[in-house]
Amino acid sequence: MMPMAAFSPRGDSRAPWDRVLVTGGAGFLGSHLCTRLLDAGAEVDCLDNLSTGRAEKVAHLAGRPGFRFLERDISGPGCADALSGPYDLVLHLAGPASPGARPDRPVEALDAGSLGTRTALAVAGRDGARFLLASSPPVSPRTRGHAPDDADPVGPHRACAEAVRFAEALVAAHAGAHGSNAGIVRLFAGYGPGMRADGGGTPAALIEQALAGRPVTVPGDGGGRHPLCYVDDMVDGVLLVAAGRSVRPVDIGGDEEPTVAEIARLVIELTGSDSPLVFVRDPEEGSVPPRPVTGFAREIFGWLPSVTWQDGLERTVAAFRGRREPFPAPGGQTTDGRAGEEWCA
């Protein structure tokens, strides 16, 4: 289960894979992974149906040797035949959004978690490749004084929750029944340059409000905490887990947990905005968001986040300043956004 000792996800170390498939590669995290893998000497096929991903996120990679963009739906018929490979690694980010992200596209979410994951596993199995599913934190929110809702598959937001759970179960079943080299990485609150601003997440929505001169809105008393993980650290974690053989789900998330009010105040300071800080009703008052348990990632894979939330926020604000442009309406399949509070945008 140890990662390949010679591989470091940053620096001059060459990737241990010759050719990699990244599904959902035109999303937030996917585009960063494609860039890092190319920089490390791997060839990359980036697959995305652009339902939530954007071709512009990988436009800077067009023309680079070894990069190929495929606009296809991993859940669609015949997709596996278009992925000629052979691949050494399949990073499957084209899964359902986090449970509360897009409840209005339940069929697409379920297809992504089932058909899409099955197709990606089949491609990896065909080529004898390492397979890694990018997943969400545990899908049932636990509220203070209440047990999590694990039983009702038709309740609010359950389609995404069940899709996430099924995708993980399918990966574990393949590993157990077929001996597949397949693993799962659970991603918590990634942020950084290229993240979406239209999902209402932290800190992207706060940055957009401040740059536009609108009130920066903070839910409740602003005391809610967010275990933010900067995208470069998240990419490190994904690639270190990919380079190992762990089947057990591995949490990747920040170990610093600033409050929403702390994030909002720093955003206002970094943007130089005159926006007021406004406290609004918290629709999720009483909920306890999941926290990453990163001991396994640290002890087995040697992963350690290196970017403080303050430094990461400064870099993210600078990137938002440079890209002031409209954002498309969010969809429901491509994972990688995975990123304010959702990991698949």
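Student: How do α7 and α9 sit relative to each other, parallel or oblique?
Tutor: They're oblique to each other. Angles under 35 degrees count as roughly parallel, over 145 as roughly antiparallel, 65 to 115 as roughly perpendicular and the rest as oblique. Here α7 (residues 260–271) and α9 (residues 309–322) pack at about 50°, with axes 10 Å apart. The axes are lines fitted to C-alpha atoms, for helices over the stretch in contact, and angles run from 0 to 180 degrees between N-to-C directions. Helices and strands here are DSSP runs numbered from the N terminus, helices being H or I with at least four residues and strands E with at least two.

Student: Which residues make that contact?
Tutor: From α7 you have Glu262, Ile263, Leu266, Val267, Leu270 and Thr271, and from α9 Trp309, Gln310, Leu313, Glu314, Val317 and Arg321. Contact means heavy atoms within 4.5 Å.

Student: Before we go on, where do the coordinates come from?
Tutor: This is a predicted model, where local features need pLDDT of at least 70 and side-chain atom pairs count only at pLDDT 80 or more, while totals for chains, interfaces and linings use all residues. Residues are numbered from 1 along each chain as its sequence is written, and side-chain values use heavy atoms, with hydrogens and water left out.

Student: OK. What does α5 pack against?
Tutor: The buried residues of α5 pack against β9 (216–219), α7 and α9. Helix α5 (residues 204–212) is mostly covered, with seven of its nine residues buried. Buried means under 20% relative accessible area, exposed over 50%, and partly exposed in between, using a 1.4 Å probe and protein chains only. Among those buried are Leu206, Ile207 and Glu208. Just after α5, Gly213 takes a positive phi of about 75°.

Student: Switching to the sheet: what's the strand order?
Tutor: Seven strands form an open sheet in the order β3-β2-β1-β4-β5-β7-β11, with parallel pairing. Two strands pair if DSSP finds at least two bridges between them. β3 and β11 (250–252) are at the edges with a single partner strand each, so one side of each has no neighbour in the sheet. On average, neighbouring strands are turned by 20° against each other, direction ignored.

Student: And which helix packs on it?
Tutor: Helix α6 (residues 231–242) does, touching β4, β5 (130–135), β7 and β11. The direction of α6 makes about 145° with that of β5.

Student: How many bridges join β1 to β2?
Tutor: Five, and the two strands run parallel. Within that pairing, Leu21 stands opposite Asp45 in β2.

Student: Where's the cis peptide bond?
Tutor: From Gly85 to Pro86, with omega near -10°. Pro86 lies in the loop between α2 (79–82) and β4 (89–92). Most peptide bonds are trans, and most residues other than glycine have a negative phi.
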